[in-house]
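Please look over the sequence and the model below, then follow the topics in turn.

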Amino acid sequence: MSPESQGQNEHYLSVARRGFRTWRGDRPFWAGLFTMLGGVPIMYFPYANMHLGNVTLAMSTTAGAGSLIIGVLLVTLGLTMWFHSIVRVFAGVAAILLALISIPVANIGGFLIGFILALLGGALSVSWMPGQAPAEAQPASAEAAPETVSFAKDEPFPEGALHGAGFPEQQAAYDTTVEAEGGRHRAG
């Protein structure tokens, strides 16, 4: 084993981190994370009690069950974005709609914290697209390499050198067959 060999002596944490980075890059990771984080305050605040000294403030409302359902659905949509990214657009639109519904149902959308996080996660999910694989490098050979042409400043370009360069093509000569036939079409 030579000292130049890579991969044999890597620490397991760096291997796990690289694997996680690869996994994260293949799916809308941040969209799912923000959507799940948005669902937590929406389902938590209706059941929370805040203690101020000897006074207990209960934030529970009549819409506690609705808040719990919205929060659980947002967490489920976030997991769906992670593990089934093919339905990311549906999950993103559903997360946006649930975030909007949470404003009147779930204590102003989890005191706007859950609303903003779920809205951001849904928007990120709708806008995410999978990356393109990088093009493989072709072997460098004389046959496969494209021919490069360089021209001197005063030398005219050879015919066809600017083909497809965005300039309109010029007709070589005027077509006189139209006048010879009297302006009629061949079929008529």
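Within what distance do the axes of helix α2 and α6 come, and at roughly what angle do they cross? In this predicted model, the axes of helix α2 (residues 29-44) and α6 come within 7 Å, with a crossing of roughly 155°. Because angles over 145 degrees count as roughly antiparallel, α2 and α6 are roughly antiparallel to each other.

**Helices α2 and α6**

- The crossing in which α2 passes α6 is left-handed.
- On the α2 side, the contact is made by W30, A31, F34, T35, L37, G38, P41 and I42.
- On the α6 side, I113, G114, F115, L117, A118, L120, G121, G122, L124 and S125 take part.
- By class, the residues of the contact of α2 with α6 divide into 12 nonpolar and 6 polar, with no charged residue.

**Helices α2 and α3**

- The axes of α2 and α3 come within 8 Å, and they cross at roughly 165°.
- These two helices, α2 and α3, are therefore roughly antiparallel to each other.
- Here too there is a named handedness: α2 passes α3 in a left-handed crossing.
- From α2, the residues F29, A31, G32, L33, T35, M36, G38, G39, I42 and M43 meet α3.
- Their partners in α3 are S67, L68, I70, G71, V72, L74, V75, L77, G78, L79, M81 and W82.
- The contact of α2 with α3 has 15 nonpolar and 7 polar residues, and no charged ones.

**Helices α3 and α4**

- Helix α3 (residues 64-83) and helix α4 (residues 88-105) have axes that come within 10 Å and cross at roughly 160°.
- That angle makes α3 roughly antiparallel to α4.
- The crossing of α3 and α4 is left-handed.
- In α3, the residues G66, S67, I70, L73, L74, L77 and M81 meet α4.
- Sorted by class, the contact of α3 with α4 comprises 11 nonpolar and 4 polar residues, with no charged residues.

**The strand pair**

- Strand β1 (residues 49-52) and strand β2 (residues 55-58) run antiparallel and are joined by 4 bridges.
- L52 stands opposite V55 in β2.
- The hairpin of β1 and β2 has 2 residues between the strands, and G53 takes a positive phi near 70° there.

**Confidence**

- The protein chain averages a pLDDT of 79, and 65% of the residues score at least 70.
- Confidence in the protein chain is highest in helix α6 (residues 113-127), at a mean of 95.
- Confidence is lowest in helix α7 (residues 177-180), where the mean is 58.
- Where pLDDT is low, the predicted coordinates should not be read in detail.

Terms used: Residues are numbered from 1 along each chain as its sequence is written. This is a predicted model: local features need pLDDT of at least 70, side-chain atom pairs count only at pLDDT 80 or more; totals for chains, interfaces and linings use all residues. Side-chain values use heavy atoms; hydrogens and water are left out. Axes are lines fitted to C-alpha atoms, for helices over the stretch in contact, and angles run from 0 to 180 degrees between N-to-C directions. Angles under 35 degrees count as roughly parallel, over 145 as roughly antiparallel, 65 to 115 as roughly perpendicular and the rest as oblique. A crossing is left-handed if the near helix is turned anticlockwise from the far one by less than a right angle, and right-handed if clockwise. Contact means heavy atoms within 4.5 Å. Ala, Val, Leu, Ile, Met, Phe, Trp, Tyr, Cys and Pro count as nonpolar, Asp, Glu, Lys and Arg as charged, and the others, Gly among them, as polar. pLDDT is the predictor's confidence in each residue, from 0 to 100. Two strands pair if DSSP finds at least two bridges between them.
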